[in-house]
Amino acid sequence: MSEEKEYPSLKEFFKNIGLEVREVKPRRYQLFVDPDKLPDVVKKLIDAYDGQVYLSTIAAVDFIDEKVFELNYDMSVIPLRCVLILKTRVPRDKPKAPSLVSVLPGARPHEAEVYDLLGIEFEGNPYLEKPFLLPKELANEYPLRKDWKGPGKP
Amino acid sequence: MSKELKVIEIPVGPQHPALHEPIQLKIWVYGEEVVDVKVVAGFNHRGVEWLAERKTWFQNVFMCSRVCGICNTVHGTTCSQCFEDLGNVEVPPRAKYLRVLVNELERIHSHMIILAIMAEAIGFDSLFMLMMRDRERVMYLKELVTGNRVLADYVTIGGVRRDVSKETCDKILKYIDFIEERMKFYKKIWGEDPIVRKRLVDTGRATASQALSHCFVGPMLRGSGVKSDVRRDYPYAAYDEVPFNVITYREGDSWARMMVRVDEIFESINMVRYVIEHLPSGPILPKVVPRKLPAGEGFSKSEAPRGELVYHAISKGGMKPYRLKIRTPSFTNIHNGAFLIKGAHVADVPVIFTSFDPCIACTERVKIIDAKTGKVRIMPFNKLSKLKKL
Amino acid sequence: MSILRLLRWGTTRSPWLLHFNTGGCNGCDIEVLAAITPLYDPERLGVKLTPSPRHADILIVTGVVTKKVAERLKRIYDQIPEPKVVIAVGTCAISGGVFRGSYSHAHGVDKVIPVDVYVPGCTPRPDMIIKGIVEAVRILNEKARKIEQEAPVR
Amino acid sequence: MSLPKLLGEVAKNLFKKPATLPFPKEEIKPAPGYRGLHRVNGDKCIGCSLCAIECPTGAITMKMRPSDKKKRYPVIDYGKCIFCYRCVEVCPVKAYIVSEEKPPVIRFDKKEAFIVEPIFKSTAEKPAKEEKQ
């Protein structure tokens with residue numbers, strides 16, 4: 001992996017695959033992707049940058065008013081020294097998204113965590129498990145959903 | 001052998017002499033070889049993200065500092081930066097430099113403690129005692145600057161909470177010189193001592209491509225030869241003005257990971273010196289710090305002693321965040337790194353696991369079934385088929 | 001009778017510690033670790049850290065007691081032979097501290113097992129932890145004496 | 001195989017002064033500026049409850065004054081306090097007295113020692129132990 005190799009900028013790369021990326025802050029890019037296209041986009045991204053891309057986190061948000069779950073995939077592109085936030089939305093009544101494990105094995109614990117705390121199912125990830133982190137008493141509940149009633153006062 | 005060897009399940013933890021924190025490793029062994037591993041956890045799940053939605057912005061900075069005790073300042077810094085990013089709060093330059101100072105002091109003490117624990121894990125108790133003795137000097141410096149030995153609560157939204165005086169700076173320089181002197185000696189031990197080398201070289205080896213595809217961060221990634229450091233790649237605080245080198249080792253084994261930490265201590269010492277020499281004057285807090293932050297999205301990442309730390313906040317305005325996502329470095333390192341244990345000797349399990357610098361409190365939730373993609377180097381083929389059913 | 005007196009003499013002069021983290025932030029744990037290092041060195045006072053609950057006299061508990069770990073804490077407490085003393089180190093172990101109100105922990109050690117000595121502070125300094133151990137030895141002595149008196153006289 | 005590198009260091013340490021602090025004989029002094037126990041000066045406090053609102057753990061509760069029914073005063077529970085000094089920072093009248101005193105060890109039968117009332121000088125509401133500033 002040589003440092004000298006020239007890589008295309010994120011704007012060029014996404015133009016080539018027919019998407020447009022927005023620079024929200026310096027070195028921070030953001031774009032909306034369809035959930036079905038996500039593994040494909042990530043695959044292309046990894047190939048274009050010689051695998052020097054890793055997933056920082058998946059921040060899942062429950063927008064209860066709009067009846068959607070928003071998934072923020074925070075990717076780090078090492079050669080460009082920048083952050084790319086891939087946003088995708090899945091409906092709240094059918095929370096299913098494709099898994100990234102086949103293209104990026106490191107996505108496994110992140111997806112398992114989101115599945116445990118918010119109940120979004122990642123199709124193709126064989127490691128999803130409930131309860132993953134929660135105690136046994138809360139095995140069937142999703143604490144980070146906004147309509148979860150909570151434990152009450154101690 | 002008349003009797004056939006069986007695959008045996010061994011639980012390691014949650015209360016275990018080699019692991020000081022509550023995590024359970026279920027390992028399956030065939031003879032002396034580990035054939036499968038499962039990280040069972042959640043023992044440390046405290047519901048921090050759920051609590052964060054119910055606390056105000058300022059309370060959140062204090063709570064996020066307590067996600068992890070060893071790397072608390074960097075948690076506080078990243079949390080504050082995330083909220084500053086959200087509310088467009090300008091941080092004065094002196095506060096930026098002081099953040100670098102405290103973060104680097106913390107990196108020195110954190111790396112020293114993991115080096116000491118590693119020495120204990122390989123049975124090198126005198127090195128453990130000597131390193132812990134010298135580490136107390138750093139703890140004293142931290143107490144002098146921040147007001148508490150471990151949980152500093154030094155950083156707040158907009159800046160830092162205390163200023164440093166001239167005498168404090170002199171004392172820091174004096175103690176830092178002592179620590180550098182001692183670290184030169186320890187580097188010789190870590191690099192050349194036969195006890196250390198025999199135990200660490202060639203255990204838990206990860207190649208660069210494995211490290212990247214399994215999303216390793218921090219010293220685990222740099223130990224495999226990938227040049228990635230958030231301080232350089234995505235500079236925060238005053239790291240774009242402070243010169244330093246990114247340390248990489250090509251070997252990718254436990255020894256390389258520890259050597260990355262040893263060398264980073266020297267870089268941190270130089271950075272502390274640079275910061276004290278070039279400390280700008282001025283206020284440490286902006287005049288007005290808003291108590292309410294606008295709607296929007298805040299993102300911040302930083303280089304914790306264990307790797308990249310990410311905060312992602314989503315706000316709908318008001319006093320409290322709508323969602324705060326914390327991704328700690330140990331979360332990916334422990335979950336994804338477990339495949340390195342596969343194929344190792346049972347006696348090497350604590351060594352490999354300690355070389356991850358596991359911070360279970362940071363992870364605040366752990367549990368994984370091992371990746372099947374990581375190739376097992378030594379495989380008892382006759383048992384692998386049965387193993388799948390376990 | 002005299003055997004029990006010998007036992008009391010032994011345990012109070014050289015109490016062995018067992019340290020158990022029940023899901024704290026690690027801050028108290030590294031202070032407990034710092035308290036057994038050369039600078040404070042309780043070993044010159046006869047205090048020693050032991051890995052096994054069956055050898056221990058004093059149980060040092062740090063951290064909020066998460067629900068998942070509570071049953072293990074109970075099991076470890078039961079394994080320690082009488083007389084035994086429990087020290088709760090840190091604000092989290094006393095009341096849950098900054099994580100009060102969360103769904104996944106028990107808000108303090110004394111909700112799960114009886115506690116004899118509290119060491120407040122976030123985090124307590126190593127010398128205060130040693131002072132807590134001194135206080136615990138005093139209680140250990142009282143408990144051992146009680147066992148001695150209640151034993152049937154032959 | 002060479003000699004272990006640490007042997008020389010270990011031998012040298014045999015002839016040095018011990019690093020251990022003579023702890024039970026001498027108190028260990030924390031570094032200047034240590035965040036220790038803090039108390040409320042009851043005479044200065046105006047009862048605005050800002051510290052109770054801002055406290056990250058809810059360790060401060062506001063109590064009614066017996067003499068003046070309209071005013072309140074804060075009571076700190078050291079069993080919940082994390083010594084972050086947020087209350088000291090936000091207090092508009094600087095009614096908090098800070099010290100470098102370490103929080104004391106408390107036995108199971110003296111749990112009420114966790115809860116600490118403010119210091120009053122003028123009124124006879126709850127004369128507490130004097131503390132140097």
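In what order do the 3 strands of the open sheet in chain B run? The order is β6-β7-β8, and the pairing is antiparallel. Strands pair here if DSSP finds at least two bridges between them; helices (H or I, at least four residues) and strands (E, at least two) are DSSP runs, numbered from the N terminus.

This is a predicted model, in which local features need pLDDT of at least 70 and side-chain atom pairs count only at pLDDT 80 or more, while totals for chains, interfaces and linings use all residues. Residues are numbered from 1 along each chain as its sequence is written, and chains are lettered from A, with ligands numbered from 1, in the order in which they are written.

**The sheet in chain B**

Two strands, β6 (293-304) and β8 (323-327) of chain B, are the edges of the sheet, each pairing on one side only. Neighbouring strands are turned by 5 degrees against each other on average, direction ignored. Axes are lines fitted to C-alpha atoms, for helices over the stretch in contact, and angles run from 0 to 180 degrees between N-to-C directions. β6(B) and β7 (residues 307-318) of chain B run antiparallel and are joined by 11 bridges. Opposite B:His312 in β7(B) stands B:Phe299. Helix α12 (residues 329-337) of chain B lies across β6, β7 and β8 of chain B, at about 130 degrees to β7(B).

**Chains A and C**

Chain A has the element order α-β-β-α-β-β-β-β-α-β from the N terminus on, and chain C follows α-β-α-β-β-α-β-α-β-α along the sequence. The radius of gyration of chain C, taken over C-alpha atoms, is 16 Å, close to the 15 Å that the globule rule gives for 154 residues, so chain C is as compact as a globular protein of that length. The globule rule is 2.2 Å times the number of residues to the power 0.38.

In the table, a residue is buried if 20 or more other C-beta atoms, placed from the backbone, lie within 10 Å of its own.

| Chain | Elements | C-alpha box along the principal axes | Buried share of 154 residues |
|---|---|---|---|
| Chain A | 3 helices, 7 strands | roughly 55 × 30 × 30 Å | 39% |
| Chain C | 5 helices, 5 strands | roughly 55 × 35 × 20 Å | 61% |

Two residues are in contact if their C-beta atoms, placed from the backbone, lie within 7 Å. In chain A, residues 24 or more positions apart account for 50% of the contacts with a separation of 6 or more. In chain C, 83% of the contacts between residues at least 6 apart in sequence join residues at least 24 apart.

**Contacts between chains**

Among the 5 pairs of chains that touch, chains B and C have the most contacts. Here 32 residues of chain B meet 34 residues of chain C. On the side of chain B, α1 (48-52), α2 (57-65) and α5 (125-146) each supply at least two residues, and α5(B) has the largest share, 4 residues. That side divides into 18 nonpolar, 8 polar and 6 charged residues. Ala, Val, Leu, Ile, Met, Phe, Trp, Tyr, Cys and Pro count as nonpolar, Asp, Glu, Lys and Arg as charged, and the others, Gly among them, as polar.

The contact between chains A and B takes 30 residues from chain A and 34 residues from chain B. On the side of chain A, two or more residues each come from β3 (53-63), β4 (68-77) and α3 (108-118). β3(A) gives the most, with 6 residues. The residues of this side are 17 nonpolar, 6 polar and 7 charged. Chains A and D do not touch, and their nearest C-alpha atoms are 12 Å apart.

How values were computed. Buried ≥ 20, exposed ≤ 12 C-beta atoms within 10 Å, placed from the backbone.
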